[in-house]
Amino acid sequence: MEAILDDFRAAIRAANETRTPLRLRGGGSKDFYGQTLAGSVLDTTAYKGIVDYDPAELVITARCGTPLTEIEAALADCRQMLAFEPPHFCAPGLATLGGAVAAGLSGPRRQSAGALRDFVLGAQLMDGHGQVMSFGGQVMKNVAGYDVSRLLAGSLGTLGIILEVSLKVMPVPFGDATLRFAASQQDALDRLNTWGGQPLPVAASVWHDGVLHVRLSGATAAIRSACEKLGGERVHEAEAVALWHTLREQSHPFFAPAHDGAALWRIATPTTAPILPLPGAQLVEWGGGQRWWIAPADAGDSAAEAVRAAAQAVGGHATLFRNGNKDAGVFTPLASPLMAIHQRLKATFDPAGIFNPQRMYPGL
């Protein structure tokens, strides 16, 4: 593995000398995400393998090029899982741990389990000088000063090569059930917010096209009690597994127009936010905290202004997730003080600006 690190250092040294950007890339499953890609590809997939896994400690450490499927298989053998359900968005075996952390994306269980960054305990990073830096560790209470390991989650490779990551893992729940309800979007939001304030084992939820699905996970007795309290129609296990998988991987029919080129927006809102006044199809996840919107074909460049205004009005923000015009910025523009912090961080870890330049924000 040291020879691979030497190759990384050589690529970084050459890029610094010629001021040529490097595009850090694992399996390429998240290439669509973020601003326009730029630079010579530095493939990280060779640096792979599970470094340490102790089921009793609920921690796994692996290198950046390790396929997510390999990690998930090792965890499944011990009835454990990555509770934040990172999406693969590709053929099995291509998505890597480094890419998952760099993208910072989470699946349906994020509603109850938390986001990917909440599970990052430690990380190793190769910076713009080719130095290997270690942050955090393998326990929850290990942070003094800046929590750089979690800062890497969602950084899109702009700070350096994420070499190795330690993640907290969770046991697979003993019981699982999915309930289906006919409901308008407002009715669904009202129910989800009511249930969210009660001791119910709600693990995930989704509303689309007049139907609300709620996933319950936990002890068998708790599942049985919740099913009796909530009512609804219980979904067959195989159908339920397929549903949550299609939502995680965006192969659900709702996302089909986005795969054909339509602009897909991801909107983060408070769960109590009302229905967003946007034309076109919407899908609601995470108890109302994540709204997906496919912009109508005739929305054009005005879509960005409309969706960001709608999100801001309820205290949220919007991200252009797939397709569309990226000139206005994929992510909601930062206020000047926040952008200054981002720029100082970038200059600290990547002084020559060679790693994934402008992948997150224009000018960064």
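Predicted model: local features only at pLDDT ≥ 70, side-chain atom pairs only at ≥ 80, totals over all residues.

Me: Which residues of helix α7 are buried, and on how many sides do they lie?
Reply: Helix α7 spans residues 220-230, and its buried residues are Ile223, Ala226, Cys227 and Leu230. These residues cover an arc of only 100° around the axis, so they lie on the same side of α7.

Me: What does the face of α7 turned away from its buried side carry?
Reply: The buried residues of α7 are covered by elements including β10 (175-182), α6 (185-196), β12 (211-218) and β13 (233-234). The face turned away from that buried side carries exposed residues, namely Glu228 and Lys229.

Me: Which element gives the largest share of the largest nonpolar core?
Reply: The largest nonpolar core has 42 residues, of which Tyr33, Leu264, Trp265, Ile267, Trp293 and Phe321 touch the most other members. Elements giving two or more residues to this core include α8 (237-249), β14 (264-268) and α10 (302-313). The largest share, 5 residues, comes from α10.

Me: How are the rings of tyrosine 33 and phenylalanine 331 arranged?
Reply: A pair of aromatic rings is described by the distance of the centres and the angle of the planes. For tyrosine 33 and phenylalanine 331, the centres are 5.6 Å apart and the planes are at 85°. Planes over 60 degrees apart count as edge-to-face. The pair of tyrosine 33 and phenylalanine 331 is therefore edge-to-face.

Me: How many residues apart in sequence are the parts that this pair ties together?
Reply: Both tyrosine 33 and phenylalanine 331 are buried. Tyrosine 33 lies in the loop between β1 (22-25) and β2 (40-43), whereas phenylalanine 331 lies in the loop between β17 and α11 (336-349). The pair therefore ties together parts whose separation in sequence, in residues, is 298.

Me: How is the pair of phenylalanine 84 and phenylalanine 119 classed?
Reply: Phenylalanine 84 and phenylalanine 119 are both buried. The ring centres of phenylalanine 84 and phenylalanine 119 are 5.3 Å apart, and the planes are at 50°. Because of this geometry, the pair is classed as tilted.

Me: Over the face of which residue does arginine 322 lie?
Reply: The charged end of arginine 63 sits over the ring of tyrosine 47, 5.5 Å from its centre. Arginine 322 lies at 3.8 Å from a ring centre, over the face of phenylalanine 32.

Definitions and conventions: Residues numbered from 1 in each chain as written. Heavy atoms only, no water. Core = buried A, V, L, I, M, F, W, Y, C linked by side-chain atoms within 4.5 Å. Buried < 20%, exposed > 50% of the residue type's maximum accessible area, 1.4 Å probe, protein only. Helix = DSSP H or I, 4+ residues; strand = E, 2+ residues; numbered from the N terminus. Phe/Tyr/Trp six-rings, centres within 6.5 Å; stacked < 30°, edge-to-face > 60°. Lys NZ or Arg CZ within 6 Å of the ring centre and 35° of its normal. Arc of directions from axis to C-beta. Contact = heavy atoms within 4.5 Å.
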